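Please read the following briefing alongside the sequence and the 3D structure, and look up each part in the structure as it is named.

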Amino acid sequence: TSSRPRILVATSVFPSVLERLRQHFEVDAEHPHYPLSPATFRQLLADKDGSLLSGSQAIHAEVLAQAPRLKIAANMSVGFNNFDLPAMRAAGVVGTNAPGVLTETTADFGFALLLATARRITEAEHYLRAGRWKEWRYDTLLGQDVHGTTLGIIGMGRIGQAIARRGVLGFGMKLIYHNRSRLDAATEAGLQAQYAPTKEDVLRHADHVVLVLPYTPAAHHLIGAEQIALMKPTATLVNIARGGIVDDVALAEALRQRRIAAAGLDVFENEPAIAAPLLELDNVVLTPHVASATASTRLAMANLAVDNLVAFFTEGKALTPVT
Ligand code: 8YV
């Protein structure tokens, strides 16, 4: 029995990260059955002082009631919709996220997904692999232009702004955005950004819409059949934010009817399950929540989460708390 804090590592993580944790804490890690089921997670959390999380483990009142020693939950993600903030505050448990370190990497992927969606890159590869090139016609696999078109961004935080820079500075796009708060005048001028007071304005005017807002109950099904109906028939929609912001079933139906040209999705409502109608379509690019997945960025995210745990237990104050 040691007096060092006990930490549950709730997901698989890099050896160097475990090594850092073991310098400071008693570490419960390397479970053979990652990802842990919610029941196993709760059971393992029962005698822990802190936890390192991927960002998909729910921390709510029932979980907290079974974890009386818990003082901190550190997400290795910028999103923290797995936290029930009022319940955590009531239990005196600190939650932390991992902002900043994934911004450019995630923006790279968001833009890659936009390009793949508009230019039908995965569909083109499937066509080639299926031996269909011999059917080629002059109008085979025609996509939508990206350069010089209007980029619409809903959610203009760090990642949204990084995507905006790529579009405006690299691809000569015009920019229209909606956000809870407007950018400061200098940033807006630098991106020649047009602020849209409503998300509907973005949906109506943009050629390519990218969703980069945090998931909150208010953002649930923010984009459904009614909203998609406002978009141009040639438009594309990219979601790298969170599943649940888009009504995936309504989107699949709109894509099937070609009400919009195409969509690119890295996040899903019930991931890792995918709404079945999406899998039937060729005008959607589907990726398994990998927008931040580069070796250096995931390491930086994990290390920031460890920094939070260390700062909390040694100095009494987390670095990037969200509670
Ligand atoms: C992570 C994410 O890949 O940071 C976030 O909010 O969604 C992703 O960067 C995921 O949470 C795994 O940690």
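Predicted model: local features only at pLDDT ≥ 70, side-chain atom pairs only at ≥ 80, totals over all residues.

Residues are numbered from 1 along each chain as its sequence is written.

**Annotated regions**

- The unreviewed UniProt entry also lists residues 7–322, under the name "domain: D-isomer specific 2-hydroxyacid dehydrogenase catalytic".
- Over residues 7–322 the chain is 38% helix and 14% strand, with the end C-alpha atoms 19 Å apart.
- UniProt positions are given in the numbering used here, with feature names shortened, and annotations may be inferred rather than shown by experiment.

- Seven strands form an open sheet in the order 8-7-6-9-10-11-12, and the pairing is parallel, where two strands count as paired if DSSP finds at least two bridges between them.
- Strand 8 (193–195) and strand 12 (284–286) stand at the edges with a single partner strand each, so one side of each has no neighbour in the sheet.
- On average, neighbouring strands of this sheet are turned by 15 degrees against each other, direction ignored; axes are lines fitted to C-alpha atoms, for helices over the stretch in contact, and angles run from 0 to 180 degrees between N-to-C directions.
- Strand 7 (residues 174–178) pairs with strand 8 in the parallel sense over three bridges, and isoleucine 176 has glutamine 194 in strand 8 as its bridge partner.

- Another open sheet, of five strands, has the order 2-1-3-4-5 with parallel pairing.
- Its edges are strand 2 (26–28) and strand 5 (94–96), each with a single partner strand, so one side of each is left without a neighbour in the sheet.
- Strand 4 (residues 72–75) runs parallel to strand 5 and is joined to it by three bridges, with valine 94 in strand 5 as the bridge partner of isoleucine 72.

**Helix packing**

- Two packed helices are described by the angle between their axes and the distance between the axes.
- The axes of helix 5 (residues 103–118) and helix 7 (residues 158–171) come within 8 Å and cross at roughly 55 degrees.
- Helix 5 and helix 7 are therefore oblique to each other, since angles under 35 degrees count as roughly parallel, over 145 as roughly antiparallel, 65 to 115 as roughly perpendicular and the rest as oblique.
- Thr103, Glu104, Thr106, Ala107, Gly110 and Phe111 of helix 5 make the contact with Arg158, Ile159, Ala162, Ile163 and Arg166 of helix 7, two residues being in contact if their C-beta atoms, placed from the backbone, lie within 7 Å.
- Helix 1 (residues 15–24) and helix 13 (residues 295–315) pack at an angle of about 5 degrees with their axes 10 Å apart, which makes helix 1 roughly parallel to helix 13.
- In this second pair, Val17, Arg20, Leu21 and His24 of helix 1 meet Ala302, Asn303, Val306, Val310 and Phe313 of helix 13.

**Backbone details**

- Most residues other than glycine have a negative phi, and most peptide bonds are trans.
- Tyrosine 34 and proline 35 are joined by a cis peptide bond with omega about -10 degrees, and proline 35 lies in the loop between strand 2 and helix 2 (38–45).
- Glutamate 30, placed in the loop between strand 2 and helix 2, has a positive phi, near 55 degrees, in a residue other than glycine.
- Glutamate 271 and proline 272 are also joined by a cis peptide bond, with omega about 5 degrees, and proline 272 is placed in the loop between strand 11 (262–265) and helix 12 (276–279).

Definitions and conventions. Helix = DSSP H or I, 4+ residues; strand = E, 2+ residues; numbered from the N terminus.
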